[in-house]
Amino acid sequence: MHGEVDTPAASVAHDATASLPPTCQEGPAARPARAALSGRLRERMARDFQGRLRDEWGGRFVTHGRSPGPQAVRLDGNDYLSLSGHERIVRAQIDSLRRDRDIVVQSGVFHLEDSPTHRLEQALAAHVDAEGALLCQSGYAANVGLLQVIADADTPVYIDNLAHMSLWEGIRAAGATARPFRHNDPAFLARAMRRHGPGIVVVDTVYSITGAVCPLREIIEVAEAHGSMVVADESHSLGTHGPQGRGVCAQLGLSHRVHFITASLAKAFAGRGGFLTLPQELRYYLMCHSFPSIFSSALLPHEIEGLRATLDVVREADGARVRLRAVTARVRSRLAALGYPVANGTEQIVGLEVGLEADTLALRDAMEARGVFGAVFVAPATPRDRSVLRMTLHADLTEAEIAHVERVATELAPAFRPWDWASARRQGREAGARAGAGSGSGSASA
Ligand SMILES: Cc1ncc(COP(=O)(O)O)c(C=O)c1O
């Protein structure tokens with residue numbers, strides 16, 4: 001599709017790639033000029049982005065470091081139980097691809113109540129102790145589609161500051177007002193609810209950049225006291241937490257007090273997809289009003305069969321869960337002993353908040369040069385001056401790999417001085433305040 005051209009200057013065809021880094025440019029000008037981007041868009045890129053790309057990222061795209069070789073220690077994925085390529089899951093997908101040739105590619109709203117899709121929904125609902133579930137194309141679609149329907153312009157939505165972007169997008173799609181509350185702070189939430197009235201409270205059970213656990217019981221108590229509904233995103237706890245990987249809500253015996261659970265199936269389930277739980281009375285209403293549900297096509301049969309097999313594998317993966325917790329405890333305590341500020345979380349996601357983007361990239365590059373690959377998180381995933389190198393742990397990390405990560409962290413600490421980062425000072429202040437208040441924040445590790 002040709003783009004709109006909204007200023008005269010932009011209507012002159014020109015090389016729209018001229019300002020891109022050399023690696024992004026095309027070869028000699030043998031082809032006809034492409035339709036030009038609008039002048040307004042080019043101005044916006046120049047104003048908001050190109051300085052950042054050039055000066056802070058050194059002309060490289062921020063999340064693109066080096067290619068990890070076969071010996072690399074990969075701490076940049078979300079396959080916490082190391083299920084990718086699991087024989088039973090692959091077999092289920094292949095069998096379905098061979099068998100289910102007569103597929104109809106369509107929106108999930110057309111799938112009947114006796115379809116494999118619906119059977120998977122029932123199995124997922126039972127797994128997390130919910131009445132019903134709706135399968136979605138992704139965790140992102142689940143969050144946007146749910147909030148778009150359950151919130152509206154008159155519903156305040158109280159959302160933890162660190163909740164996932166898709167939840168904020170859902171609030172926007174609903175035309176509702178977001179009332180952010182301080183991360184993991186039920187007292188702050190209570191004050192906001194006294195001021196703005198009942199609505200919807202939105203949290204992640206395990207936060208995606210820090211690995212912090214939500215104080216879910218306290219949050220629910222505040223929500224109940226103010227007659228509000230609760231949405232809990234279990235993307236980073238489904239499969240890893242609770243008995244048989246049922247998640248934090250089930251682990252704490254709180255499933256019946258949470259109105260909606262959402263989750264990505266692209267984390268511990270290592271697949272594509274997501275789901276949300278819901279009471280049966282809401283099912284058709286939501287299916288009829290949730291735009292991602294209506295206007296985007298559903299998962300394919302082999303994806304459904306793969307996820308069905310994955311659910312069985314996840315349930316039986318106690319060994320991997322135990323190993324993941326042991327790896328988490330060991331890596332976290334070693335990093336803490338070396339002076340890295342990791343008190344922002346407790347679980348399998350370790351977020352090193354380096355601060356400025358250029359400094360985070362320098363740490364990423366130094367680690368990658370030594371064979372350890374994390375993932376860079378910058379704005380809009382974090383505030384501009386609070387960028388993070390995230391390291392996600394998984395159950396298949398070997399002793400040798402863990403020892404290597406520890407060696408690299410030890411070697412780099414004197415140069416990067418993590419104890420001097422603003423995040424280290426902040427965590428120190430927070431620990432002091434907690435000690436003063438005589439309270440602690442609990443881990444939900446099962
Ligand atoms: C907490 C949380 N919710 C939702 C999502 C979106 O999941 P998906 O990748 O399946 O769209 C993510 C993924 O980044 C996440 O971390």
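Modeller: Before we start, helices (H or I, at least four residues) and strands (E, at least two) are DSSP runs, numbered from the N terminus. This is a predicted model, where local features need pLDDT of at least 70, side-chain atom pairs count only at pLDDT 80 or more, and totals for chains, interfaces and linings use all residues. Residues are numbered from 1 along each chain as its sequence is written.

Biologist: Thanks! How many helices and strands does the chain have?

Modeller: The chain has 15 helices and 12 strands. Its radius of gyration, taken over C-alpha atoms, is 23 Å, close to the 22 Å from the globule rule (2.2 Å times the number of residues to the power 0.38) for 446 residues, so the chain is as compact as a globular protein of that length.

Biologist: And which residues touch the most other members of the largest nonpolar core?

Modeller: Those are Y158, V202 and F275, in a core of 111 residues. Such a core is a set of buried Ala, Val, Leu, Ile, Met, Phe, Trp, Tyr and Cys residues joined through C-beta atoms within 7 Å, where buried means 20 or more other C-beta atoms within 10 Å of a residue's own, with C-beta atoms placed from the backbone. Helix 4 gives the largest share of this core, 8 residues.

Key
A residue is buried if 20 or more other C-beta atoms lie within 10 Å of its own, exposed if 12 or fewer, and partly exposed in between; C-beta atoms are placed from the backbone.
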